Amino acid sequence: MKQPAPLVITKDLIAQHNLTDDEYKKIVEILGREPNLTELGMFSVMWSEHCSYKSSRVHLRKLPTTGPRVVQGPGENAGAVEIGDGLCVVFKMESHNHPSFIEPYQGAATGVGGILRDVFTMGARPIALLDSLRFGGLDTAKNRHLMRGVVAGIGGYGNCMGVPTVGGEVRFDDIYSLNPLVNVFCLGIAHKDKIFRGTAAGVGNPVIYFGSKTGRDGIHGATMASDSFDDQSEQKRPTVQVGDPFQEKLLLEACLELMANDLLVGIQDMGAAGLTSSSCEMASRAGNGIELDLTHVPRREPGMTPYELMLSESQERMLMVAKAGKENDCIRICRKWDLDVAVVGTVTGDGILRVKDQGNIVAEIPAKSLADDGPRYERPYQPPAYQDMLTNLNYDAIPDVKDANEALLSLLESPTIASKRWVYEQYDHMVRTNSIIRPGSDAAVVRIKGTNKAVAMTVDCNGRYCLLHPYEGARLAVAEAARNLVCSGAEPIGLTDCLNFGNPERPDIMWQFVLAIEGMKDACEAFQIPIVSGNVSFYNETNGLSIYPTPMLGMVGLIEEADRTMTQWFKQEGDDIILLGSSREDLGGSEYLKVIHSREQGSPPYLSLEAEKVMQECVLNLIRSGSVQSVHDCSDGGLAVALAECCLSAQDRKLGAVVKLALGRLRRDAVLFGESQSRVLLSAKRENRQVVLDQARRLGVPAEVIGAVGGNQLVIYLGDEHSTTKTVDVPLSTLHDRWADSLERMLVQE
Amino acid sequence: MKIGVLVFPGSNCDHDCRHVFQNVLGQPVEMVWHKDALPAGLDAVVIPGGFSYGDYLRTGAIARFSPVMGGVKEFAQRGGLVIGICNGFQILLEAGLLPGAMLRNRSLHFICKDVYVRVENAATPFTSACTPGQVLKIPIAHAEGNYYTDPVTLAGLQANAQVVFRYCTPDGKATADASPNGSLDNIAGIRNAEGNVLGMMPHPERCAEEMLGNEDGRLIFASMLEAVQQIKSKLSIVGS
């Protein structure tokens, strides 16, 4: 055997691989020689920001990742949290922003494919998907095209897989026009003692490739995802992979069958950096090496070089380490599902990832160095000069609301608040027949068959709050996610994150990142919610313009009695409407200021984690004791929008409401549309009024009966005990018309 | 009643159908891999929803060539009950067990939502637990459910009461707007001339339990159960 002819590694070649001079020096040091081109490529993808977390790792370490329920924390394909009955939920969220901007359908579709593989690789059957999407305003054809493509891509993949897309959120802001966000969350169910991990244990065990053939698509996808965009980004289309959900469905069923038959030592999907990452990470976790022979790798086209084979990001491929002697059983099951399968290597004891092709050694790298010894940066950070300009807002310069009816209607039809029916009707959200709460309430809830339990899930982040104050914004995101779960009757048990930021080499962006991590840490510690998996997406900027810092959160909650779930809409005429929590002058960063006054300024709403915790405890007690009929959290658009949503969001029947709100010293718009935290709207039967008020008083949560369900209008009086003014009075039909079909009206335009 | 649920590569409502028959109705279920022969002793065959062969080429177009389909045809010819739901309906059309074809939905989008269907024929083994004209709320989830056939075939379906379900408004009017996908004559489900094969686009297995907030779909399965019991009791009378 001989080394391939050395190719001169030039400075240009190093730069093209997005490696710095120092990083290259370190590679030479590790190898004790210059790398060849294949090795250079392997290092460049593994040491990319996307795979190595080189800018984020030192900060991610601060996050709380442990807890009594945690079975698997960060570092594996997905996190796992125990839910009793010998079961775990396995979940993770991941971004596919860059590919979705270049090619929205395939970018989004393969995002779904990737996260599904992360979950079923762990031995879990995926039972729910959620998506968090960010687009620019729908007044441009390009943004409408992106949104249509992304939604169709998510549906196209998830629907075919038979995994329901049960919820999510979509928000709009022009800052995302050149860098939309597509974050996909997946949750699966596994037996606690049958979790599979990506480990290449046992020297001599066979390494088996299965799934689709390897093609030339997606080469350097991970490197692309670690770079900023400019006007030439369209040319990166070939780096986007093409998804085949049918193939993935076969892969899913084959994996679960392989796992049920006690054949495997370890397994990992070939995601970013394909064969390179799966092989070196599995070897590194076990402290072993792997010898791969590319000659056996199933390929889509002839003439592929080792460089291309090792870096391809063709979808729907897996690498497994089987128990020695079980190769034929593995191959038989893969063939049953019509998958390509081949033994491509062996686990070795020398810690080296050694790659051969046609009898030649084409790469020889210590697996651990490649997987784990990438650079770590403590990048400098400091607040941007414009930060004060953003937060300083003179409210005297903003007139109070005059026509509250019209303001409410404008908010209801603004795309961030409007009904997302146009989106979720394109997703199969009922397959697997577990969806107890379908899209359109505070959280999605799926039952766990064979138990009395159910799991609630939500994805949340208000990027505008995070722009105005990254620390507060991140705390607010954690609080809101937990509140959404609690409003559905669930106790939060775990969190996954997907941290979308701009270029970490810019100190102002790094400042946003560091503060957001601090905020998440403090809030998660207060609520005692561990972060068990996650993903960082940097370089979300185009032509130097960054997105809002968007640390997206996917939170999971447990409902012990599945028949005690709760929805947000009013249930019955005559029920009391009760407001928990109190209103402040929290107009900063509100949807109201943006939609009505075109301002994205001010300080985000005040949040006391203590008050929030107590309020959530109160809500959970009330739901569990069966004292309330509906529960809805107040968020975007404040109390008036929350009330309208309680009236409108039931599928079959709309119910009106008449309420009276105390004005106190606040502005009218602050009471109606301010986004004060720790507020929840309940409805309860009249006979339960005292139970609810007593429970709140016992815990020290402000609670007030503000009105009753009934009629065909939403009527809001503002005032004090002496005088009140009817400020809002809109027929339900008008509210519904502006809210329900707004997105569809915007998206039918070319 | 012993149910066979077919499993094609890409079937994804197979588990849901098994769950309904096995856990909700308490009947034994056998999952039948598409490359295997149809087992003996089945009382009914379910062709579940999903994306057999990825719906590549045309929905159901490849699945009809699966080895198991020969057995299904024989089973149907002998009078066995066959229900095809969603992709199962599409496969029955492609296999020639039911007439007609599916076009893309009028909106060109995949649509998942509750719809209302009117029971046009309550004298079938799949609808005997319903009353004629009863309105059922059942979810759909498909991109190609826009039923189409030629005028002669349509006239035949109408004349022979083969149209079993029509999309309608909540109060039972089969208006054009009530059809979610633009299907011909608001057709949501049809049976064959003999009456033992039913294809329907809505998913009754998704609304057969109280916990899911809707039990209308259960009527379909209860009807099948009753039909099988009747057939069996007739056989036992003949046999005695």
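Q: In S6(A), which residue is the bridge partner of A:Glu94?
A: The model is a predicted one, in which local features need pLDDT of at least 70, side-chain atom pairs count only at pLDDT 80 or more, and totals for chains, interfaces and linings use all residues. Residues are numbered from 1 along each chain as its sequence is written, and chains are lettered from A and ligands numbered from 1 in the order in which they are written. Strands (E, at least two residues) and helices (H or I, at least four) are DSSP runs, numbered from the N terminus. Two strands pair if DSSP finds at least two bridges between them. Here, A:Glu94 has A:Val184 as its bridge partner in S6(A). Strands S3 (residues 87-95) and S6 (residues 181-191) of chain A are antiparallel, with 9 bridges.

Q: In what order do the 6 strands of the open sheet stand?
A: The order in chain A is S1-S2-S3-S6-S4-S5, with mixed pairing. Strands S1 (70-72) and S5 (165-172) of chain A stand at the edges with a single partner strand each, so one side of each lacks a neighbour in the sheet.

Q: At what angle do H8(A) and H10(A) pack?
A: Axes are lines fitted to C-alpha atoms, for helices over the stretch in contact, and angles run from 0 to 180 degrees between N-to-C directions. Helices H8 (residues 141-161) and H10 (residues 245-260) of chain A pack at about 35 degrees, their axes 9 Å apart.
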